[in-house]
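The following exercises concern a single protein chain. Each task is followed by a solution in steps.

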Amino acid sequence: MPLNRRDFVTRSAATAAGAALVGGAPLAAAAPAAAASEAPQAEADLAKHPVIKESFTVMGTSDLHGRVLNWDYFTDAEYDDAAHNDVGLAKISTLVNRIRAQKGHHRTLLIDAGDIIQGTQLTYYYARVEPITGKKPPKHPMAEAMNAIGYDAAALGNHEFNYGIPTVRAFEEQLEFPLLGANALHAKNEKPAFPPYVIRELYLGRGRPLKVGILGLTNPGIAVWDKANVSGQMVFPGIVEMAAKYVPRMKAAGADVVVVAAHSGIDEPTTYGDQLPWPEDASGEMAETVPGIDAVLVGHTHKEVAQRLVVNKKTGRTVVLSEPLCWAQRLSCFDFEVEFSKGQWHVAKVASRVLNTNTVPEDPRIAKLIGAQHRKVVAYVNQVIGTCKADLSIAEARFKDVPIIDLIGRVQADTVKAAMAGTPYADLPVLAQAAPFNRTAHIPAGTVKLRDAAGLYIYENTLEARILTGAQIKDYLEFSAKYFAQLAPGDPVDLGKLTNQQDTPDYNYDSVYGVSYDIDISKPVGSRITGLSYNGKPVDPAAQFVLAVNNYRANGGGNFPHVASAKQVWTSSDEIRNTMISWVKAKGVIDPAQFAAVDWRLVRAGVPLF
């Protein structure tokens, strides 16, 4: 598919950012009338002042994950957390409008660093229930909101591919700004599948227009995490390598300033091991090694980094990096000071900061724009799908075997057992992997709604079955147990520090349903699993098991041992969340007595921790 430059001429004019280049293709747009009227004055100023000083601001978001309103579709209530953060593009819009009013619209740009269309039931609905890929596609709420706010460019995130390439393309078609991906290439010819960069012109009132190049880079891990959706269609080479290729091209195309929107963290360890030759979080390395970059809008790691300064090894110049907290909780601002002399613009200074969206109200224009879609999704998630005999909470799932996680395991195990019927693997024991994805998940006693099940499994993962040996299952559990701190018998237990060791997120702590074992946290990582048994008997290292596992893990996400190379014997294209909803509908009643058991526990020298 050729580069999508459709309608960019009219789009560029709407951004008030002047003429642009997308991936090297010129996009004509008339200069604002005010700027044209200032031209004679600009010439006079040039005669008097050989060095002109001006300023502008590049604003940035990242990891929006389907948040438009300050709303939690899983709890059906306004979003809130312990720090009283707010979320959503409607809040971002208010901040953006304030910056534009302060600086002048013609002195600002707004960009995003990816992961836009996955993450809430709002975006799930328009990918799966009423998809934007249909014959009469609805407007995607994220496209509507971002267009209305006036984004100038966005980079692809890895989660853009969760629903498949057709959905990404349909979303791209609805945008009034380019969706950039310099390292998203067609597999057949390794040509760009998306525009690599865009160059926007800012009319600052004096001197010639300032050209700001925006390079978009996505995460190479897409090839691992969404293998089923992209294999044979797209390839994703390294971030540093592709930045080194395109920054000189942007400079040659006239870019005075280069800003990179990179869906890649600064210096985090990779979560896919050695399956690809490129690092997952390479923004810091890119800033350090690729000359010509002035600022980097960082994404992917869901962290707040107001400002990180990195000195480029080749030029000695300082590159400014900033990552806004995910879900539109923060807005990064890169404040540039530039100088014009001898017909050229030069960057004199850059500093970055983040603004908190909980300090402003929602923009009523954005709230009204997607109000009907919001109400439709609220009705969808409040469908009743069954009942539950007991209150199920995830609150202690990080350090105890709790029934709500057993429910995930039971649903997955039942589904894979049914799929194995009539196959050569029908007689093998079926185990299931599960993780505590959402610390606020809760299934109430009594009526169960769709949002209760969806809130337990918040990702668009699908289910697979892989063959592992008993020894491999033990290795898998040993790797997972690095999640816990090492505590000697008698040491005080601080629940706040007990988990998430080695920067392991909750979604990368797996328990395995169907076997029993202890995790001895008095022992070092790698030798913690004791008493591993199946049906009351020690697990034979050579025995074979079918592991029901999500596609993220099966494809290497989290870098767990063995599973990515294990034999695949079944796979489903349906999300595990939908499988759970269907299971509850079929059963009618969730009865913990049918699946809940304490199959794993934390111990110290054999003594239970709890």
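**Exercise 1. Charge and overall form**

How many positive and negative side chains does the protein chain have, and how far apart do the centres of the two sets lie?

*Solution.* The model is predicted, so local features need pLDDT of at least 70 and side-chain atom pairs count only at pLDDT 80 or more, while totals for chains, interfaces and linings use all residues. Residues are numbered from 1 along each chain as its sequence is written, and side-chain values use heavy atoms, with hydrogens and water left out.

Step 1. Lys and Arg count as positive and Asp and Glu as negative, whereas His and the chain ends are not counted. Each charge is placed at NZ of Lys, CZ of Arg, CG of Asp or CD of Glu.

Step 2. The protein chain has 61 positive and 64 negative side chains, and the two centres lie 4 Å apart.

Step 3. The secondary structure comprises 19 helices and 33 strands; these are DSSP runs numbered from the N terminus, helices (H or I) having at least four residues and strands (E) at least two. The radius of gyration is 26 Å, close to the 25 Å of the globule rule for 610 residues, so the protein chain is as compact as a globular protein of that length. The radius is taken over C-alpha atoms, and the rule is 2.2 Å times the number of residues to the power 0.38.

Step 4. Of the 610 residues, 58% are buried, where buried means under 20% relative accessible area, exposed over 50% and partly exposed in between (1.4 Å probe, protein chains only).

**Exercise 2. Strand E21 and its partners**

Which residues of E21 lie on each face, and which strands pair with E21?

*Solution.* Step 1. In a regular strand the side chains alternate between the two faces of the sheet. In E21, Val430, Ala432 and Ala434 lie on one side and Leu431 and Gln433 on the other, and all are buried.

Step 1. E21 runs parallel to E29 (residues 544-550), with 3 bridges, and pairs with E25 (residues 511-513) in the antiparallel sense, also over 3 bridges.

Step 2. Alanine 432 stands opposite alanine 548 in E29 and opposite tyrosine 513 in E25.

Step 3. Tyr513 is also among the residues touched by arginine 410, together with Trp583, Gln594 and Phe595, not counting residues up to four places away in sequence; contact means heavy atoms within 4.5 Å. Arginine 410 belongs to helix H14 (residues 403-420) and counts as buried at 18% relative accessibility.

**Exercise 3. A positive phi**

Where is glutamate 190 placed, and is this residue buried or exposed?

*Solution.* Step 1. Glutamate 190 sits in the loop between strand E9 (185-186) and strand E10 (197-202).

Step 1. With 54% relative accessibility, glutamate 190 counts as exposed.

Step 2. Its phi is near 55 degrees, a positive value in a residue other than glycine. Most residues other than glycine have a negative phi.

Note on methods
Two strands pair if DSSP finds at least two bridges between them.
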